[in-house]
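Let's take a friendly walk through this structure, one piece at a time. Have the sequence and the 3D view at hand as you read.

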Amino acid sequence: MTRSLTRLAAMLAIASTALLASACAPSAPVTEPEPSETVDASVESPAPEPETTPDVEPAATEEPTCETIIPPETAADFASLGWTNLADIFQVASVQIPEGLQCVWGDFSTATDHVQIYGWAPITAEQAATAENELVADGWIREDSAEGVYITENPETAANVDEQGYGLTYLFGDGWVKYADTKQGIVLVEWSQG
């Protein structure tokens, strides 16, 4: 029996060595096909053209935030004062625009009415017409300008006004609407649809 086992072990050793040797053996050389036309070495080939990237700006994929609808310096100034923001869906009169954003900046750790309000939203012509008509019907004042249509609350009932007497103000443009707590504040709303 020992002799049979020895013989079996020897056969297995030979078989595994043969298997190992065949696995490590080099394969047949690969020959590359010969070129079908000959190249004249004395003729220089033209330099490859550099790749160019088209000058197309990528579409904006970001959503507006309270920090991005106003200049970064303004957001940083608010933060340095310890102010934070409360964000909400943009609403103008009865028109709600979920893709828009309305932000109130202030120090909410204390009771205060010292806040700044900014907003931006995309808006259709139909939504803009509805909102403008409703605001004017409620006593807001409409002003047409080169920038768009300003609609501001009546200064007689406004809680806070700028140096020119404007309180809460909307600016309706082509496909967008901006909002601030004063007409002067509208210039800080810089977001665009991209």
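Helix α2 has a face turned away from its buried side, and that face carries the exposed residues Pro72, Glu73 and Ser80. Keep in mind as you look that this is a predicted model.

Now turn to the other face. Which residues of α2 are buried? In this helix, which spans residues 72-80, they are Thr74, Ala75 and Phe78. These three cover an arc of only 100 degrees around the axis, which puts them on the same side of α2. And what covers them? The cover includes two strands, β2 (95-106) and β3 (116-122).

Seven strands make up an open sheet with antiparallel pairing, and their order across it is β1-β2-β3-β7-β6-β5-β4. At its edges stand β1 (84-92) and β4 (141-144); each has a single partner strand, so one side of each is left without a neighbour in the sheet. From one strand to the next, the twist averages 20 degrees.

To see the pairing up close, start with β1 and β2. These two strands run antiparallel to each other and pair over eight bridges. You can pick out one of the partners yourself: find Asn85, then look in β2 for Trp105, its bridge partner. From there, β2 also leads you back to the helix, as it is among the elements that cover the buried residues of α2.

Technical notes:
Residues numbered from 1 in each chain as written. Predicted model: local features only at pLDDT ≥ 70, side-chain atom pairs only at ≥ 80, totals over all residues. Heavy atoms only, no water. Buried < 20%, exposed > 50% of the residue type's maximum accessible area, 1.4 Å probe, protein only. Helix = DSSP H or I, 4+ residues; strand = E, 2+ residues; numbered from the N terminus. Arc of directions from axis to C-beta. Contact = heavy atoms within 4.5 Å. Pairing = 2+ DSSP bridges. Axes fitted to C-alpha atoms, helices over the stretch in contact; angles between N-to-C directions.
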